[in-house]
Amino acid sequence: MPIYDFRCCACGAQFELLVRGPAQPVCPECLYDDPERLPSLTAPQGTIKTTITKARRAAAQEGHFSNYSAAEKANLIKRMADGTCRGGQSDPL
Ligand SMILES: [Zn+2]
């Protein structure tokens with residue numbers, strides 16, 4: 001179920017609502033039944049990859065690799081054994 005942002009045309013309130021099926025959203029402030037749906041904001045390009053990279057690096061420095069897939073772990077362990085990767089010191093991907 002998607003969450004949408006709305007702005008009430010009657011009182012100007014802005015709010016988020018879970019929209020289920022054909023249900024008509026209602027302003028929680030004044031109960032106006034035709035609020036304007038606002039365009040969705042999308043994440044900037046590269047933000048998700050940057051966030052994942054930072055989280056993995058921090059986790060590796062703490063000594064756990066639970067956020068890697070089995071294939072990525074196998075590759076990382078191989079590279080650490082070869083000496084081409086030192087855990088959190090470089091990005092294994
Ligand atoms: Zn309203």
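This is a predicted model: local features need pLDDT of at least 70, side-chain atom pairs count only at pLDDT 80 or more; totals for chains, interfaces and linings use all residues.
Is Leu31 buried or exposed? Leu31 has 10 C-beta neighbours inside 10 Å, so it counts as exposed. You'll find Leu31 in the loop between strand 2 and strand 3. There's something else about its backbone: the phi of Leu31 is positive, near 65°, and this is not a glycine. For background, most residues other than glycine have a negative phi.

We have three strands in an open sheet, in the order 2-1-3, with antiparallel pairing. Which strands stand at the edges? Those are strand 2, residues 14-18, and strand 3, residues 36-37; each has a single partner strand, so one side of each is left without a neighbour in the sheet. As a reminder, strands of a sheet pair through backbone hydrogen bonds.

Let's go through the two pairings. Strand 1 and strand 2 run antiparallel to each other over five bridges, and there Arg7 sits opposite Gln14 of strand 2. These two strands make a hairpin with six residues between them, and in that hairpin Gly12 has a positive phi near 85°.

What does Tyr4 touch, leaving out residues up to four places away in sequence? The answer is Glu16, Leu17, Val19 and Arg37. Tyr4 has 15 other C-beta atoms within 10 Å, so we call it partly exposed. And here's a pair to find on your screen: Tyr4 and Leu38 are 34 residues apart along the chain, yet their C-alpha atoms are separated by 7.4 Å.

Last stop, helix 2. That's residues 70-82, 13 residues in total, and it reaches 18 Å from its first C-alpha to its last, close to the 18 Å expected at 1.5 Å a residue. What follows helix 2? That would be Gly83, with a positive phi near 85°.

Okay, back to the structure, and let's hear your questions.

Terms used: Residues are numbered from 1 along each chain as its sequence is written. Two strands pair if DSSP finds at least two bridges between them. Helices (H or I, at least four residues) and strands (E, at least two) are DSSP runs, numbered from the N terminus. The expected span of a helix is 1.5 Å times one less than its number of residues. A residue is buried if 20 or more other C-beta atoms lie within 10 Å of its own, exposed if 12 or fewer, and partly exposed in between; C-beta atoms are placed from the backbone. Two residues are in contact if their C-beta atoms, placed from the backbone, lie within 7 Å.
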